[in-house]
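Good morning, and thank you for making time for this presentation. Please have the sequence and the structure open before you while I speak.

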Amino acid sequence: MDLWENIYLAVSGLLANKMRAILTMLGIIIGIAAVIAIMTLGNSVTNSVTNTMAEMGGNNIVVQLSLKEDVDTFVMTEDDLISDEMLEQMREVYADDILAVSVDENIGSGSVKDGRKYANVSIYGVNDGYQLVNNVKMLTGRYINATDQEKASNVAVVSNKTSKAIFGTEFGALGQEVKIYRGDEILAYTVVGIYEYEENPMMAMMMGMQAEADRPTDLYIPISTCQRLTNSDMGYNYVTIMTNSNVDSISFADTLWGFFETFYRKNPTFTVYVMSMQSVVEQMTTIMGTMQLAIAVIAGISLLVGGIGVMNIMLVSITERTREIGTRKALGATNSSIRMQFIVEAVIICLIGGAIGIVLGVAGGIYGASLLGTPAAPSVGSVIFAVLFSMGIGIFFGYYPANKAAKMDPIEALRYE
């Protein structure tokens, strides 16, 4: 009996017992669907997180203050902060490696209001390097520049979302004065530029049920203006440095640590911690991949249960068809042909269940990704794995029943009632 005849007999047997076949496939369907849905969803979230972090600056390096060991209590002074003099010296020493330096300070939130119109904002004091380091896309006007910083000017850069909410158009705020209500304070700034607001899917998910119109966007003012407003010390807790594209940011981070360590070696309280965003992205990808694999393995346990179900139903099928097996062997069928018949039947069951599971898994993964607001990324590798694994289950769990059928004594089989 050739392969195609075995396949025909297997499909005919399944169609003759549809309900039993479906119940047998159920474990395979659930297992394959769960694995593919998890892999698809995991890939989608991983891609979204890594892309977001890459957009934040794959070549960025963060330098921030860190307490030295065995320091429990401290009072931070201006001498402890990263100073403009340190940053200027760093620029001179590593002029060929550094593209931009960003400093910023968040002074909380407020609302831009004009009568009944309002837009919630988070207020950031920034320098001129912030735009390049953080990939702020300007639509019109200009960004905060060095002159604004030197003069501590009362100027601001707002999002097109804020402009539309207050002035009715995306560019209407340019050149206008906006008033920010921040607690009991009213801050007034002239808008010199408007940037394109892009909502982060992960941030939107964290915001939960908050209405989109009420979600705050960033409003930028010169950091010197911010420091004057808050009466804060002249210096920074952290800075972000963007390297040139040809620089290995991971190794350059070690170089920068050595540079800043010369300033903090004698500081009794603080040192610096230097972190490359590239290394963070790599670590995040590794962690999420490991979690994704672990969850997929747990989901894959149902495949084992499904395989046992296939073995069980094949044993039942062989018992029901004992006289058929005896007749075939009496007519000259070899043990290998009997064995192949039932292995093919087991493989067909698992392949059909796997195909249904693949469709449900991909659909479930895409639906889950849409709920999270991330682009769906079905895993081709997981689909191929599902097909091969389904065949493997069929062969592995079908072999014992098939071998049992092949070794039947034809006389005893014909006598079976």
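This is a predicted model: local features need pLDDT of at least 70, side-chain atom pairs count only at pLDDT 80 or more; totals for chains, interfaces and linings use all residues.

In what follows, two residues are in contact when heavy atoms of each lie within 4.5 Å.

Ser-276 lies in strand E11, which covers residues 270-276. Which residues does Ser-276 touch, if we set aside those up to four places away in sequence? They are Asn-60, Ile-61, Ser-249, Ile-250 and Ala-253. One of these, Ser-249, is also joined to Ser-276 by a polar contact of 3.2 Å between the two side chains. Ser-276 has a relative accessibility of 4%, and because buried means under 20%, it counts as buried.

From there I turn to helix H9, residues 249-264, and its partner, helix H3, residues 84-93. The two helices pack at an angle of about 140°, and their axes are 12 Å apart. H3 is therefore oblique to H9. The crossing in which H3 passes H9 is right-handed. On the H3 side, the contact is made by Met-86, Leu-87, Gln-89, Met-90 and Val-93. On the H9 side, the residues are Leu-256, Phe-259, Phe-260, Phe-263 and Tyr-264. How do the residues of this contact divide by class? Nine are nonpolar, one is polar and none is charged.

Helix H11, residues 301-320, packs on H13 at an angle of about 140°, with the axes 11 Å apart. These two helices are therefore oblique to each other, and their crossing is right-handed. H11 contributes Val-310, Ile-313, Met-314, Ser-317 and Ile-318 to the contact, while H13 contributes Phe-342, Glu-345, Ala-346, Ile-349 and Cys-350. By class, that contact has eight nonpolar residues, one polar and one charged.

Helix H12, residues 322-330, also meets H13: the axes come within 10 Å and cross at roughly 145°. Here too, H12 passes H13 in a right-handed crossing. The residues concerned are Glu-324, Ile-325, Arg-328 and Lys-329 of H12, together with Asn-335, Ser-337, Ile-338, Gln-341 and Phe-342 of H13. What is the class composition of this contact? There are three nonpolar, three polar and three charged residues.

Beyond its neighbours within four places in sequence, Gly-306 is in contact with Thr-24, Gly-27 and Ile-28. Gly-258 stands 48 residues from Gly-306 along the chain, and the C-alpha atoms of the two are separated by 58 Å.

I now come to helix H8, residues 223-230. Which of its residues are buried? They are Ile-223, Ser-224, Thr-225, Cys-226 and Gln-227. These buried residues pack against strands E3, E4, E8 and E9, and against helix H5. After H8 comes Asn-231, whose phi is positive, near 55°.

That brings me to backbone angles. Most residues other than glycine have a negative phi. Two further residues have a positive phi without being glycine. Asp-70 has a phi of about 70°, and Ala-152 has one of about 50°. Where do they lie? Asp-70 is in the loop between strand E1, residues 60-67, and H3. Ala-152 is in the loop between H5 and strand E6, residues 155-159. Are these residues buried or exposed? Asp-70 counts as exposed, because its relative accessibility is 76%. Ala-152 is buried, with a relative accessible area of 14%.

Asn-135 counts as partly exposed, because its relative accessibility is 40%. From C-alpha to C-alpha, Asn-135 and Phe-389 are 44 Å apart in space, and they are 254 residues apart in sequence.

Thank you for your attention; I shall gladly take questions.

Methods. Residues are numbered from 1 along each chain as its sequence is written. Side-chain values use heavy atoms; hydrogens and water are left out. Axes are lines fitted to C-alpha atoms, for helices over the stretch in contact, and angles run from 0 to 180 degrees between N-to-C directions. Helices (H or I, at least four residues) and strands (E, at least two) are DSSP runs, numbered from the N terminus. A crossing is left-handed if the near helix is turned anticlockwise from the far one by less than a right angle, and right-handed if clockwise. Ala, Val, Leu, Ile, Met, Phe, Trp, Tyr, Cys and Pro count as nonpolar, Asp, Glu, Lys and Arg as charged, and the others, Gly among them, as polar. Angles under 35 degrees count as roughly parallel, over 145 as roughly antiparallel, 65 to 115 as roughly perpendicular and the rest as oblique. Buried means under 20% relative accessible area, exposed over 50%, partly exposed in between (1.4 Å probe, protein chains only). A polar contact is a pair of N or O atoms within 3.5 Å; within protein, one must be able to donate a hydrogen and the other to accept it, and residues adjacent in sequence count only if both atoms are side-chain atoms.
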